[in-house]
Amino acid sequence: MLKYTGLENKNVLVIGLAKSGYEAAKLLSKLGANVIVNDGKDLSQDSHAKDLENRGVKVIGGEHPLSLLDSNPIIVKNPGIPYTVPLLEAAVEKGLKILTEVELSYLISEAPIIGVTGTNGKTTVTSLIGDMFQKSRVTGKVSGNIGYVASKVAQEVTANDYLVTELSSFQLLGIDRYKPHIAIITNIYSAHLDYHESLENYQNAKKEIYKNQTEDDYLICNYHQRHLIESESLSAKTYYFSTQQEVDGIYVKDGFIVFQGFRIIHKDDLVLPGEHNLENILAATLAALLASISVRAIIDSLTTFSGIEHRLQYVGSNKTNKYYNDSKATNTLATQFALNSFDQSIIWLCGGLDRGNDFDELIPYMKNVKVMVAFGETQSKFVKLGESQGKYVITATDVQDAVDKIQDAIEPNDVVLLSPACASWDQYNTFEERGNKFIKSFQAHLPSF
């Protein structure tokens, strides 16, 4: 951890306790700042608030008094708190500096930073880079919007490590000097307009990721959205990724992932399915190469990385069949996405809580479905849907029974996909429980030696 002295004896107001506020307050106290924590909810019984008070940090809960601004503090706010909160509006009016906790991670990190943002795919890219580091001799630690507070992880890394940080648009709005050595923008689509008020504001928030980069840094962008940055004044070396054409960066040609003319791996050997994940893989692979991760470690990761738990998660293979757990697909939109991710024949496990809707909107995505296995309250609806499309339909009592029954129908190279398009509460407490039952059932059918 760098001995940053720029906050010594400075007044700092942390707005919003939560996990990031708690870690930020502890770090700020360690850095010698005069810290006050404020949250709109009652903190009298909050264990984190009590711990901070024991550390000498003043905690004010239940309201946002404007008097907190009397000392002209630097503000470190929870990313999710909108700037329309009266306390923050008053702070803006006074010209006070408003930061988010990731800024602190940059100020103290000995390690170079890989920053990942984008509308879609940033969690997968961050996790995949983290997995590549795990399989490499180079060390990298994951942090940020993925669930590990960046300012806490930044205290643990050394100059020989990398700090890999997922960054939301909310976090990026609150940076000042923050500078990733390698910045990734997966894509930018319309999102969070209730917070940012316009698409342009949202795009500009994402672009904050490269504003402090220099010619010694790298920026990785989606080639098919290059128009978003082409008019910008960029200092970093810019590389692109594309699944459709050769670019200055990384791309797919003749089925292979290629960087600077070197073939890394054929896309048929990847375990993460779908065009969207192919883009994620390209971005992560390029970042890993720039961070000096070996090609061997990258290939090892790309052929084993299971993905995000319960979200098109690669479970494993049994003979030539790959199994995927998409239990988090609790609506038709998520299942459309999953069904569209495979070119192979699919054995589709579906069904769950009946919310009164039908599933006809899945029909355009069922072309690769060979067998349907229906269970749960919506079983009869999925049977009707499958039969209307000429599919072979099997009925099962639950997920475990579904995995048992497909063993007689499965053929070489079929993909087995649990993507229920329904909530789990008719048979399971959570979608995680449903997904874990699927994984356990898959494992029960692995050959024993």
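**Exercise 1. Find which residues Leu28 touches, leaving out residues up to four places away in sequence.**

Solution. Start at Leu28 and look for contacts, meaning heavy atoms within 4.5 Å. Leu28 touches Leu7, Val12, Val14, Ala33, Val35, Val76 and Leu104.

Before going on, a word on the model: it is predicted, so local features need pLDDT of at least 70 and side-chain atom pairs count only at pLDDT 80 or more, while totals for chains, interfaces and linings use all residues. Residues are numbered from 1 along each chain as its sequence is written, and side-chain values use heavy atoms, with hydrogens and water left out.

**Exercise 2. Work out which residues of the largest nonpolar core touch the most other members.**

Solution. First, the term: a nonpolar core is a set of buried (under 20% relative accessible area, 1.4 Å probe, protein chains only) Ala, Val, Leu, Ile, Met, Phe, Trp, Tyr and Cys residues joined through side-chain atoms within 4.5 Å. Next, among the 53 residues of the largest core, the answer is Leu7, Leu28, Val35, Val37, Leu52 and Leu219. Helix H1 (residues 18-30) gives the most to this core, with five residues. Here a helix is a DSSP run of H or I, at least four residues, and a strand a run of E, at least two, numbered from the N terminus.

**Exercise 3. Decide whether Thr378 is buried or exposed.**

Solution. Locate Thr378 in the loop between strand S18 (369-374) and helix H13 (379-388). Its relative accessibility is 1%, so Thr378 counts as buried. Finally, list its contacts beyond four places in sequence: Thr378 touches Gly351, Gly352, Leu353, Asp354, Phe359 and Cys422.

Conventions. Buried means under 20% relative accessible area, exposed over 50%, partly exposed in between (1.4 Å probe, protein chains only).
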